[in-house]
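Keep the 3D view open as you read, and turn to each part as it comes up.

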Amino acid sequence: MQFGRYVGDLARGDLGNSLTTGQPVGTEIRTRLPASAELTLLGLIVSMLVAVPLGILAATRPGSLADHACRVIATAGVSLPVFFTGLILVYVFYYLLGWTPAPLGRLDIFFSPPPHVTGFYLIDSLIAGSLETFVAALKQLFLPALTLAIFSLAPIARMTRASMLAVLASDFVRTARASGLAPYTVIVTYAFRNAMIPVVTTLGMVFSFLLGANVLVEKVFAWPGIGSFAVEALVASDFAPLQGFVLTMAVMYVALNLVIDILYGLIDPRVRLEA
Amino acid sequence: MTDVALAPDKQPRGLVALVRHARYVIGENRVTGFAFVLFVLIILAALIGPYLVPYDPLASNTAMALKGPSLQHWFGTDQIGRDVFSRVVVATRLDVFIAVASVALVFLMGGLAGVAAGFFGGWTERIVSRVADTIMAFPLFVLAMGIVAALGNTVQNIILATAIVNFPLYARVARAEANVRREAGFVLAARLSGNGEMRILLAHILPNIMPIMIVQMSLTMGYAILNAAGLSFIGLGVRPPTPEWGIMVAEGAAFMVSGEWWIAFFPGAALMIAVFCFNLLGDGLRDIVDPQRRT
């Protein structure tokens, strides 16, 4: 009965009310989701920008400095508790060096948030044409995004390296090389495109980890996203927000897996034909 | 084992061969040896650490609050003057216990369910696979949070939640390995000599996939520790006065911005070393069990 009523409410987009704030959970999650999404996506982008080239370098020059760096990162990265990395970064960059602002939320209190368009402060501030707000938001975002990037660096770099190694050893790469194509063309156009599929699969897994790590990072940096919302609800034994949170996370994750399946088809036409 | 043809009965067999091979691998791979030493240290700290530490991990001494590392307090003291070193060492027992218990539990649940699924096929396989898929549909840490929140905030539920989120991993490995061996010669021979299906499953298939499961256990041990510490970091599971690495990092977090780094740093470092050790050990064990998959 109770479950039936919950599902019925859910179908009408009603996630129930929070016991502590009295606000509907749906609106609360909607206002907080962009903060989490901005953080997670930026972290993922930063880590891909570092990890993919690193993995390719490691695969093309086995035994080089990049290869060793890749191995060290892959082993150390999986062992670092994400909340610990975050705290160390806060200590070094905020307390010792003073380069970043205090780890308290999305924007310094001296700034007012940009008018709401996408909910992403970086994009909204650019639309509003306020470069100062953009820089301030970026400063706040820098450390938490870096923490998430360090966390997700290891699996992406390791997977890129492994799949590039496999592809570089294959016949068509040899043929391409023998035909006298430039090394850059061989690696980027021929090998990398074929090595992408396992990397994209890993991205899905990494994203699942990131959604979990997000909760911890948001707590460390007092980030007003859905993760810290769930933690507050958890401490107060407030059930409705938590249900909404787990549900939102599951929906996001399933949606992401769908996007990945579509990406397969875009990267590799053979997958499209089979389906 | 390649020159078996020369002198088959001179070849060391069973345990002797395993120990020799293990010694060879450890000798070849210094990192695994190092991880093994770390592992022994961690186990020692878990077993006898509480009797050796210089201070009571719960005794506060406000006169000595927030002092940095010194000769008296190796890792400094926290905001109410408790000795961080004693707390870090005493916490080892609880953290390792949570990890070991959850890994043992998931081995019983996931390992057995997976073996049965791979061996029997049919409905058993369908049910186990769907359960695993359902768990995989959630981000794992979020699912663990949800389970602990729903079942209640206790250490037992932390163990249970960590076991449940690892279930698909074990079920899949066990299923694949059992599936390969379903029609193996020794299984057919056992069936022919009149063994029941359950007996074949438990006495013939299970022992054969044990090495792979043990590697899996060692590899997930690190994740189990991280998961448990993460849960207690956000305030689930272990209650505050109890020394536990995740909680200690959470308590020290507020002091990180004001420069008292040691409160959060040392438990965090202990956590990192423990996870690092289990990961390296898992890689090393995999080399011993399955030299082909060597990285």
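Chain A has an average pLDDT of 76, and 82% of its residues score at least 70; pLDDT is the predictor's confidence in each residue, from 0 to 100. This is a predicted model, in which local features need pLDDT of at least 70 and side-chain atom pairs count only at pLDDT 80 or more, while totals for chains, interfaces and linings use all residues. Residues are numbered from 1 along each chain as its sequence is written, and chains are lettered from A and ligands numbered from 1 in the order in which they are written.

**Confidence**
- Within chain A, the element with the lowest mean pLDDT (63) is helix α11 (residues 269–274), and the one with the highest (82) is α2(A).
- Chain B averages a pLDDT of 77, with 80% of the residues at 70 or above.
- Among the elements of chain B, helix α6 (residues 155–181) has the highest mean pLDDT (85) and helix α1 (residues 14–28) the lowest (67).
- Take care with residues 1–9 of chain B, where pLDDT stays under 50; the model gives this stretch 2 contacts beyond four places in sequence. Two residues are in contact if their C-beta atoms, placed from the backbone, lie within 7 Å.
- For the complex, the predictor gives an ipTM of 0.74 and a pTM of 0.77.

**Overall fold of chain A**
- Chain A has 11 helices and 0 strands; helices (H or I, at least four residues) and strands (E, at least two) are DSSP runs, numbered from the N terminus.
- Of its 275 residues, 43% count as buried. A residue is buried if 20 or more other C-beta atoms lie within 10 Å of its own, exposed if 12 or fewer, and partly exposed in between, with C-beta atoms placed from the backbone.
- Among contacts in chain A between residues at least 6 apart in sequence, 70% join residues at least 24 apart.

**Helix α10 of chain A**
- The 29 residues of α10(A) (residues 239–267) should span 42 Å at 1.5 Å a residue, and the end C-alpha atoms are 42 Å apart, which agrees. The expected span is 1.5 Å times one less than the number of residues.
- Its buried residues include A:Pro241, A:Leu242, A:Phe245 and A:Met252.
- The buried residues of α10(A) pack against α2 (25–60), α8 (183–220) and α9 (226–235) of chain A, together with α5 of chain B.

**Where α8 meets α9 in chain A**
- α8(A) and α9(A) pack at about 80 degrees, with their axes 7 Å apart. Axes are lines fitted to C-alpha atoms, for helices over the stretch in contact, and angles run from 0 to 180 degrees between N-to-C directions.
- The two helices, α8(A) and α9(A), are therefore roughly perpendicular, a term for angles of 65 to 115 degrees.
- Residues making this contact include A:Asn214 and A:Glu218 of α8(A), and A:Ser228 and A:Val231 of α9(A).

**The interface between the chains**
- Chain A gives 31 residues to the contact and chain B gives 30.
- On the side of chain B, α10(B) supplies the largest share, 7 residues.
- That side of chain B divides into 23 nonpolar, 7 polar and no charged residues. Ala, Val, Leu, Ile, Met, Phe, Trp, Tyr, Cys and Pro count as nonpolar, Asp, Glu, Lys and Arg as charged, and the others, Gly among them, as polar.

**A residue to look at in chain B**
- B:Tyr51 is found in helix α2 (residues 30–52) of chain B.
- B:Tyr51 is exposed, because 7 other C-beta atoms lie within 10 Å.

Methods: Parallel < 35°, antiparallel > 145°, perpendicular 65-115°, else oblique.
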